[in-house]
Amino acid sequence: MAQKSYDQLLEHFKETACFQSMGSLLGWDQRTCIPPAGNVYRATQMATLAGFLSRRLSDPKLGEMLAAVESSSLVADPLSDEAVNVREWRRAHDRACKIPESLAKALSQAASEGETAWETARPANDWNGFLPFLERIIDLKREEARALEIGAEPYDGLIQDFEPGESARNIQALFAELSGPLTDLLQRIRESGKKPDAGILSGNSPISAQNSLIREITQRIGFSFDWGRMDKSAHPFTAAIGLGDVRITTRYDENSFVSALFSAIHETGHALYEQGLPPEHWGTPRGTPVSMAIHESQSRLWENMVARSAGFWSFFYPTARECFPWLEGVSIEDFHLAINEVSPSLIRTEADEVTYNLHIIMRFELELALIRKEIEARDLPDAWNARMQAYFGLTPPDHTTGVLQDVHWSGGSFGYFPSYALGNMYAAQFYAKAKGDLGDPEVLFAGGIFAPFLSWLSAEIHQQGSRYLPRDLVRAVTGEELRPKYLIDYLYNKYANLYNI
Ligand code: ZN
């Protein structure tokens with residue numbers, strides 16, 4: 001009986017995953033190549049699919065089948081494939097039951113429209129034009145948070161979509177531990193008197209040359225172009241479309257290849273996680289990434305710990321010089337220092353490893369206040385600028401480089417931002433463990449050898465899918481709770497060396 005129910009659930013959810021993957025393809029298409037006039041109908045397509053998925057996931061028959069399996073010996077071992085799948089199917093079903101179909105559709109519609117409005121408003125510095133879209137999405141997210149009823153803090157319901165098991169309170173505790181040492185490190189770096197010359201990173205960078213360097217590097221570290229592709233978009237992202245189809249995007253600046261390259265490596269980190277999932281579990285939680293923070297741990301790890309290391313560049317710098325001959329005039333030491341420059345700046349996606357987390361902390365504070373109704377959308381520009389001043393001593397000259405810079409809120413992704421800083425913490429803790437297990441991976445990177453490190457990540461993290469919740473995964477891999485200490489130690493060691501402090 002329980003086995004029969006499980007088999008039916010498996011079929012139902014695998015088919016659901018197939019419909020979800022069609023949504024991913026529509027989303028990828030919308031962000032890379034849809035003609036402008038196609039956006040309106042695309043929003044309708046996405047909302048229709050969201051309504052359909054909402055009905056599928058809230059089907060009362062699922063509740064009965066889940067109950068039959070949950071009371072059986074089939075899930076006695078909580079780490080078995082069956083138990084893991086049932087745990088996550090239950091979560092998805094309960095969530096869908098709490099959100100009326102009309103709200104699910106309205107959220108999807110508002111998210112599509114919001115993202116489209118943001119794409120126009122951001123370059124035009126048009127806060128007032130964007131505000132009604134943001135107000136609409138915030139109203140709906142508050143309604144969703146109330147409907148989810150997870151704990152006393154409405155925001156906690158929203159985080160679950162990105163970080164199952166996490167809470168605002170726990171995040172606040174981690175961020176409180178992190179922000180003091182980071183601010184202190186930033187201060188010491190500023191007082192060091194050492195100022196890398198970031199100007200040396202600018203030079204004629206034809207897109208075709210950027211493309212070939214990016215392809216060379218991403219392929220070498222393990223991205224499979226048989227299982228994926230790379231395109232251009234306004235905001236770089238990774239789309240896991242389906243088994244064998246994981247796509248990344250980047251954006252180009254013809255005056256410097258550096259931004260496109262690091263964006264592409266970041267997205268490659270996401271893609272390696274997706275390409276490394278156990279294919280036999282495709283379409284089930286056991287074969288699905290567990291959270292955005294674990295996802296970000298992979299992207300940030302490759303982007304920063306690997307691709308900003310001296311070892312990595314001792315291998316790739318000759319190739320970079322072939323693509324961009326003007327690098328002949330830039331020593332590898334100066335290049336390495338410049339790509340690791342720490343300097344408070346306006347834009348999160350361009351931020352260095354030290355200030356990056358402060359960008360996240362301020363966004364977390366703002367979105368928590370929004371969902372709590374302590375502030376309203378119209379208050380955001382002032383609240384944003386006040387925090388930029390407090391954390392960085394900077395005031396954005398316009399909304400484009402201020403409150404309008406990120407896509408997340410326009411698409412309703414409230415609760416996503418913490419994943420980046422949590423991801424940095426997970427990354428540092430995983431990296432410390434990998435070093436203990438493999439020896440210093442940088443020695444391998446210097447020889448252009450990435451397979452042992454990728455295999456380690458794959459076995460410890462990618463192949464686990466959603467077997468463990470994020471906090472359990474870090475305990476299983478490293479033997480310890482998630483601790484900001486690893487990120488703080490990593491940053492202090494690295495930057496004490498680079499800045500002679
Ligand atoms: Zn990312």
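At 42% relative accessibility, D437 counts as partly exposed. This residue is a starting point in what is a predicted model. D437 forms a salt bridge with K433, and the closest N and O atoms of the pair are 3.0 Å apart. K433 is likewise classed as partly exposed, with a relative accessibility of 27%. Both residues sit in helix α16, which spans residues 418-438; because D437 and K433 are four residues apart there, about one helical turn separates them. Elsewhere, salt bridges that share partners join R95, K141, E144 and D161 into one network.

The structure holds 31 salt bridges. One of them brings together the side chains of D81 and R286, at 3.1 Å from N to O. This pair links distant parts of the chain, 205 residues apart: D81 belongs to helix α4 (residues 81-98), while R286 lies in the loop between α10 (258-275) and α11 (292-306). The two partners fall into separate accessibility classes. R286 is buried, with a relative accessible area of 7%, whereas D81 is partly exposed at 27%. The cut-off that divides them is 20%, since buried means a relative accessible area under that value.

Another salt bridge joins the side chains of E328 and R321, with an N to O distance of 4.0 Å. That value can be read against the criterion, which asks for a side-chain nitrogen of Lys or Arg within 4 Å of a carboxyl oxygen of Asp or Glu. E328 is exposed, with a relative accessible area of 54%. R321 is partly exposed, and its relative accessible area is 23%.

H270 is in helix α10 and E296 in helix α11, 26 residues apart, so that the pair links distant parts of the chain. H270 counts as buried at 5% relative accessibility, and E296 counts as buried at 1%.

The structure holds zero disulfides. A disulfide is a covalent bond between the sulfur atoms of two cysteines. Among the residues of this type, C18 counts as partly exposed at 41% relative accessibility, and C33 counts as partly exposed at 47%.

On the surface, W227, L243 and W282 form a nonpolar patch, with about 290 Å² of accessible area together. W227 lies in the loop between α9 (207-221) and β1 (228-232). W227 is partly exposed, with a relative accessible area of 33%. Membership of a patch requires over 30% relative accessible area, so W227 passes that cut-off.

E149 has a phi near 50 degrees, a positive value in a residue other than glycine. E149 is found in the loop between α6 (127-148) and α7 (154-159), and at 60% relative accessibility E149 counts as exposed. K373 also has a positive phi, about 65 degrees, although K373 is not a glycine. The place of K373 is in the loop between α14 (353-371) and α15 (380-392), and K373 counts as exposed at 51% relative accessibility.

I347 lies in the loop between α13 (332-338) and α14. From C-alpha to C-alpha, I347 and T400 are 9.6 Å apart in space, and in sequence they are 53 residues apart.

How values were computed: Residues are numbered from 1 along each chain as its sequence is written. This is a predicted model: local features need pLDDT of at least 70, side-chain atom pairs count only at pLDDT 80 or more; totals for chains, interfaces and linings use all residues. Side-chain values use heavy atoms; hydrogens and water are left out. Patches are made of residues with over 30% relative accessible area and no salt bridge: like charges are joined within 9 Å, nonpolar side chains (Val, Leu, Ile, Met, Phe, Trp, Tyr) within 5 Å. Accessible areas come from the Shrake-Rupley method with a 1.4 Å probe; for residues, only the protein chains shown count as cover. Helices (H or I, at least four residues) and strands (E, at least two) are DSSP runs, numbered from the N terminus. Buried means under 20% relative accessible area, exposed over 50%, partly exposed in between (1.4 Å probe, protein chains only). A disulfide is a pair of cysteine sulfur atoms within 2.5 Å.
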